[in-house]
Amino acid sequence: MKKQFDLSAAALHILAMAFMLLDHLWATLFLSQEWMTCVGRLAFPIFAFMAVEGYFHTHSFKKYAQRMLIFAVLSEIPFDLALQGTFLEFSYQNVMFTLLFGFLTLWAMEKVKAIHPGLSLIPAGLGLLVGYFFHADYNWKGIVLILILHVFYYYPVEKTIAGWL
């Protein structure tokens, strides 16, 4: 039998954290090492994928969202110190806020979809606006990626085809 290559959720998280570390090292210490940010930018799509997977597999949406919020708030101070040089900077928020907003957008879309499927566009649009106006890392584009991954969760064949394009 042929061996199959599998990555667990924990392995994906560790891989994404290593990529993110490279990106942050580039942004703070090794500015001339452009390759570090190129590799580091792979972290967000992995984290976005894991947030969507978490949305579908969590036993408690509320606890999952609370943990994301706590981590977003706690990581904001070191993020601002490292990248902005100030204790708190409100013009640019860390990626955990993007993931949280995307996660909450998915929740709101599912809630209104029970009323009418077309209403899902309203929380989707609001989620994009929150990402934009809150100045979260990857802003509205990060929310779009989370929404795309959410749609592809329901359409595995289309996801596979899109992955090959």
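**Entry 1: helix H7**

I started with what covers the buried residues of H7, and the cover includes H3, H5 and H6. This is a predicted model, where local features need pLDDT of at least 70, side-chain atom pairs count only at pLDDT 80 or more, and totals for chains, interfaces and linings use all residues. Residues are numbered from 1 along each chain as its sequence is written, and side-chain values use heavy atoms, with hydrogens and water left out.

Which residues of helix H7 are buried? In H7 (residues 139-154) I found Gly 142, Ile 143, Ile 146, Leu 147, Leu 149 and His 150. For me, buried means under 20% relative accessible area, exposed means over 50%, and partly exposed is in between (1.4 Å probe, protein chains only). Helices are DSSP runs (H or I, at least four residues), numbered from the N terminus.

**Entry 2: the core**

Next I looked up the largest nonpolar core, which has 30 residues. Such a core is a set of buried Ala, Val, Leu, Ile, Met, Phe, Trp, Tyr and Cys residues joined through side-chain atoms within 4.5 Å. Ile 46, Ala 48, Met 68, Leu 99, Leu 106, Ile 146 and Leu 147 touch the most other members. Two or more residues come from each of H1, H3, helix H4 (61-83), H5 and H7.

I then picked Leu 99 and listed its contacts (heavy atoms within 4.5 Å). Leaving out residues up to four places away in sequence, Leu 99 touches Phe 44, Phe 47, Ala 48, Ala 51, Met 68 and Ile 146.

**Entry 3: salt bridges**

How many salt bridges are in the whole structure? My search gave two, counting a side-chain nitrogen of Lys or Arg within 4 Å of a carboxyl oxygen of Asp or Glu.

One joins Arg 41 and Asp 23 at 3.5 Å, N to O. Arg 41 is in the loop between helix H2 (34-40) and helix H3 (43-57) and Asp 23 is in helix H1 (residues 9-28), so the pair ties together parts 18 residues apart in sequence. Arg 41 is partly exposed at 37%, whereas Asp 23 is buried at 8%.

In the other, Lys 113 pairs with Glu 110, with the closest N and O atoms 3.9 Å apart. Both lie in helix H5 (residues 95-113), three residues apart, about one turn of the helix.
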